[in-house]
Amino acid sequence: MSDLLAVTDLAVAYRLGKGLVHAVDGADLALPSGAMLGLVGESGCGKTTLARALMGVLPGNARITRGQVRLSGIDLVALPRAERRQHLWRDMSFVPQTAMNALDPVYRLRDQMREVLCRRGGLARGAADARAAELFEAVGLDARRLMDYPHQFSGGMRQRAAIAMALALKPKLVIADEPVTALDVIVQRQVLDTIRGLSLELGLSAIVITHDISVVAYLCSTIAVMYAGRIVEAGPTARVMAEPAHPYTMGLMNASPDLTRAGAELVPIEGSPPSLMHPPPGCRFAARCPFVLSECRAAMPETSDVAPGHSAACLRAAESAELRRKAQEAATWRQ
Amino acid sequence: MREQALRVAYVGRRFLHMLFVLWVIATILFFMFRLMPGDPSTAYIDPNFTGEQRQLVLQQFGLDRPLHEQYVIFLRNLARGEFGLSFRQRQPVLGLMLAVLPNTLLLTMTALIAAYAFGSLFGAWLAWRRGSLFETISIPLVLATRASPEFWIGMLMLAVFAFGLGWFPAGGANVAGAEYSSEWQRILSIDYLRHLALPALSLALFLQGLPVLLMRSNMLEVMREEFVTMSRMKGLPERSIMLRHAARNALLPLVTAFAITFGQLIGGNVVIETVFSWPGLGRMLVDAVANSDYPLAQGAFLLIAAILVAMNFVADLVYGLLDPRVTHDGG
Amino acid sequence: MRLAGKLAATASQLRNPYAFAGVAIYIAFVLVAVLAGWLAPYDPNDILFTADGQLAASLPPDAAHLLGTTQLGRDVFSQLVLGARPSLIVGVTAAVAVASIGTTVGLLSGYLRGAVDRVLMRLADIVLGLPFLPAVIVMVALMGPSLQNMIFAIVVLLWPNAARVIRSQVLTLAQRQFVEAARVTGASEWRIMLVHIAPNILPLSFLYGSIAVGWAILAQASVSFLGFGGSEVVSWGTMLQDAYASQALDRGQYAWFVPPGLCIVFVVLAGFLISRGYEELLFPRLRDD
């Protein structure tokens with residue numbers, strides 16, 4: 001079965017002053033149709049840049065320097081701009097982190113929905129309004145609120161409106177960048193439930209970008225862990241969370257509070273990610289890894305399969321079971 | 001419907017505020033003359049008035065009554081547009097002012113519209129052409145126009161275009177002795193427009209700096225906003241994004257600036273009107289002050305202040321209309 | 001400690017081309033004003049005669065008179081150079097006063113809120129309801145045409161602008177967490193206001209002051225041009241008035257009326273440039289161009 005989305009060796013660089021920041025440096029992703037992928041990583045690891053690169057909307061000083069983004073087989077990176085624009089929103093759409101600034105404050109929601117549905121979707125006004133009402137109901141919003149302005153919505157409602165807007169043209173893929181981070185916990189759960197319901201109902205494929213593992217655990221069938229511009233581990237969520245194969249993932253699991261292990265110590269990973277302007281030659285995690293070997297610093301580790309569908313970019317992937325045991329102990333992480 | 005109620009409340013609040021400010025200004029003027037040494041009636045009565053005129057003004061303003069009664073009469077007269085008789089022209093001040101008001105309004109409106117139309121377009125274009133050589137040169141030039149005394153710009157224009165090249169007349173609003181069948185005829189005549197051209201152009205040149213810089217800086221900020229990026233992600237064409245989203249948001253402060261500048265200009269026109277001998281309200285004020293024509297000076301000052309305050313009110317209103325966030329925050 | 005930091009920041013940001021240009025222009029003009037006595041070849045009010053006893057009226061620029069002479073035989077260059085003094089005095093004095101009053105009012109209003117804020121802002125609204133030039137003219141006409149009165153009138157009319165700007169900054173600052181933190185440690189409101197908030201708005205006051213110099217000079221020039229500035233003291237504004245009244249425009253005597261205007265432009269521009277230079281410091285943006 002060919003994947004809906006296949007990202008191969010994608011690299012994005014920013015020009016900052018005199019240097020280049022390699023925000024994404026060789027990322028691989030695969031998303032089958034109908035699946036939800038959670039992209040996890042700490043801030044600055046490049047996940048938002050990756051999302052923007054997928055949508056083809058990068059700031060003026062950023063470029064895709066290599067790689068392919070195949071959506072249903074078509075390489076979007078290779079397409080000329082005008083053609084690429086055709087795919088936007090119709091085939092893949094985006095739910096931003098703070099819908100507060102993502103909606104134009106001077107237009108009513110109805111007009112903003114019309115803009116997408118009529119100008120991009122080719123619908124007549126009446127049909128567009130009907131569809132807008134339908135979308136609002138689907139995300140749990142009262143259709144009458146279409147006549148309101150964005151500032152009249154609460155945070156959670158704005159996020160739902162953003163989701164409704166993203167689904168307007170029935171895209172195959174939705175990319176959601178930290179869709180619930182800016183919300184309080186109760187509203188988070190509500191919005192997540194909405195997303196979950198929609199994904200089941202519509203057979204939605206989505207990439208959910210977040211730094212919060214619990215969101216991924218709740219929503220996504222597959223997970224990809226990103227560190228310093230590269231994907232270090234990927235696979236089915238349950239497997240990766242229960243049996244992480246990459247030391248960084250192991251550290252993440254330790255550092256996240258887990259109600260089932262109440263009373264267990266929270267162990268942070270010491271240190272910080274390397275500079276992306278002059279990245280080190282070998283494994284990017286080497287400086288913070290408790291299991292590092294000298295070979296790790298020499299060359300970038302290849303991604304290898306630990307189990308069917310579960311891969312990790314670590315030289316010691318084969319020993320992962322033993323390393324996991326050690327990783328559970330707090331002492332391992334104190335350097 | 002709650003939205004309507006909030007809007008009305010907002011408008012009502014701003015209107016009352018406007019009345020309050022005007023009332024205070026009028027009161028200050030009233031007491032200013034009473035506090036000066038000498039007979040307070042010199043504020044309204046010129047020693048050269050005829051006995052008849054003296055009586056008229058005395059009665060109109062109740063100058064023989066106690067102070068608090070005079071104050072009430074003063075306010076009432078103000079509301080009716082009664083400012084007394086001009087010392088020099090021996091005619092009701094209101095009539096004199098209304099005769100020249102159209103000239104000032106026309107000059108102001110023409111200059112402002114030209115300046116803002118040009119300014120918003122040029123400013124938006126500068127934002128688009130960020131970082132270009134053109135931008136680096138334009139900005140100091142635009143700043144220089146804002147730094148220039150507007151009367152000096154007027155003087156340069158006069159020297160070059162009127163005296164030097166002879167393309168435009170050197171002053172006034174009409175050729176002396178011209179006759180017109182109605183006010184409209186006069187204003188729309190070629191002659192009038194020729195006279196209007198240089199003062200309006202000078203003023204516009206001076207004014208365009210603000211809208212250019214404001215529009216540019218607003219556009220740059222708005223283009224950074226999330227909703228502009230989102231519009232691109234939606235696949236909307238770039239030009240549509242620039243106009244419908246970026247410019248629309250960037251224009252808001254300009255509209256307010258327009259209204260406020262209008263109010264300020266009515267008074268600030270003074271120098272341009274003097275340079276071009278333009279028969280307007282500002283020039284009338286200056287002449288009145290120079291000639292110690294108190295009723296006329298007071299009347300002109302109050303009228304200018306009233307327009308200023310009224311335009312600030314209009315600015316608030318318009319901004320409230322354009323930016324839906326404002327009315328709901330309680331003004 | 002913080003002061004040292006601020007000084008270092010000021011020094012480093014003088015490297016900013018805008019601020020540097022602005023400061024350079026200011027310094028140049030201040031020098032001219034100070035050294036005017038030596039730079040001016042003649043007394044600006046002296047009526048001069050040519051070698052053969054004729055009135056040296058409306059002479060074109062030459063070696064003896066760099067910018068020519070006025071219609072009454074006065075040296076334009078001397079007037080220009082000495083005219084810098086009243087212009088700069090009015091400009092700087094008014095700007096300092098406006099910035100000081102505006103900062104004080106803005107600080108009190110924005111931080112103490114409540115009745116104090118309401119009263120002060122009402123007062124500001126009333127002053128802002130007065131048309132600027134007409135009000136200056138009326139005040140100067142009533143009080144007498146001296147430099148002090150001019151400065152007084154300008155300050156009275158301009159402080160509300162400054163107060164509003166400062167107040168809005170104070171409002172934003174007061175909501176920041178370091179203020180909350182200071183309160184929690186038991187600091188009194190006055191202490192917070194003076195020790196924590198004031199230093200953070202001083203850069204804005206300074207920035208405002210540097211633009212206010214320009215406005216004050218423009219106001220003084222306009223009022224002088226209209227004839228209310230008192231003609232004994234030669235300033236750039238009176239020079240322009242003189243030129244206009246003597247039909248210099250008609251005669252095309254550009255050397256008379258262009259230089260004073262240019263001087264005004266440069267000084268006011270300097271203020272704008274400095275404020276642009278500082279703006280980058282005060283409101284730094286994420287660089288993504």
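Me: How much of chain B is buried?
Reply: Buried residues are 41% of the 331 in chain B. Keep in mind that this is a predicted model.

Me: What is chain B built from, helices or strands?
Reply: Chain B has 15 helices and zero strands.

Me: And what box do the C-alpha atoms of chain B fill?
Reply: Roughly 80 × 60 × 40 Å, along the principal axes.

Me: Take contacts in chain B with a separation of 6 or more. What share comes from residues 24 or more positions apart?
Reply: Those residues account for 71% of them.

Me: Switching to helices. How do α13(B) and α14(B) cross?
Reply: Their axes cross at roughly 145° and come within 8 Å. Helix α13 of chain B covers residues 281–290, and α14 of chain B covers 294–322.

Me: Left-handed or right-handed?
Reply: The crossing of α13(B) and α14(B) is left-handed.

Me: Which residues meet there?
Reply: From α13(B), L281(B), M284(B), L285(B), A288(B) and V289(B). They meet L296(B), A297(B), A300(B), F301(B), L303(B) and I304(B) of α14(B).

Me: What classes are in that contact of α13(B) with α14(B)?
Reply: It has 11 nonpolar residues, no polar and no charged ones.

Me: New topic. How many residues do chains B and C put into their contact?
Reply: Chain B gives 35 residues and chain C gives 32.

Me: Which element of chain B gives the most to the side that touches chain C?
Reply: That is α6(B), with seven residues. Elements giving two or more include α1 (2–35), α11 (238–268), α13 and α14 of chain B.

Me: And the classes on that side of chain B?
Reply: The side touching chain C has 26 nonpolar, seven polar and two charged residues.

Notes. Residues are numbered from 1 along each chain as its sequence is written. Chains are lettered from A and ligands numbered from 1 in the order in which they are written. This is a predicted model: local features need pLDDT of at least 70, side-chain atom pairs count only at pLDDT 80 or more; totals for chains, interfaces and linings use all residues. Axes are lines fitted to C-alpha atoms, for helices over the stretch in contact, and angles run from 0 to 180 degrees between N-to-C directions. Helices (H or I, at least four residues) and strands (E, at least two) are DSSP runs, numbered from the N terminus. A crossing is left-handed if the near helix is turned anticlockwise from the far one by less than a right angle, and right-handed if clockwise. Two residues are in contact if their C-beta atoms, placed from the backbone, lie within 7 Å. Ala, Val, Leu, Ile, Met, Phe, Trp, Tyr, Cys and Pro count as nonpolar, Asp, Glu, Lys and Arg as charged, and the others, Gly among them, as polar. A residue is buried if 20 or more other C-beta atoms lie within 10 Å of its own, exposed if 12 or fewer, and partly exposed in between; C-beta atoms are placed from the backbone.
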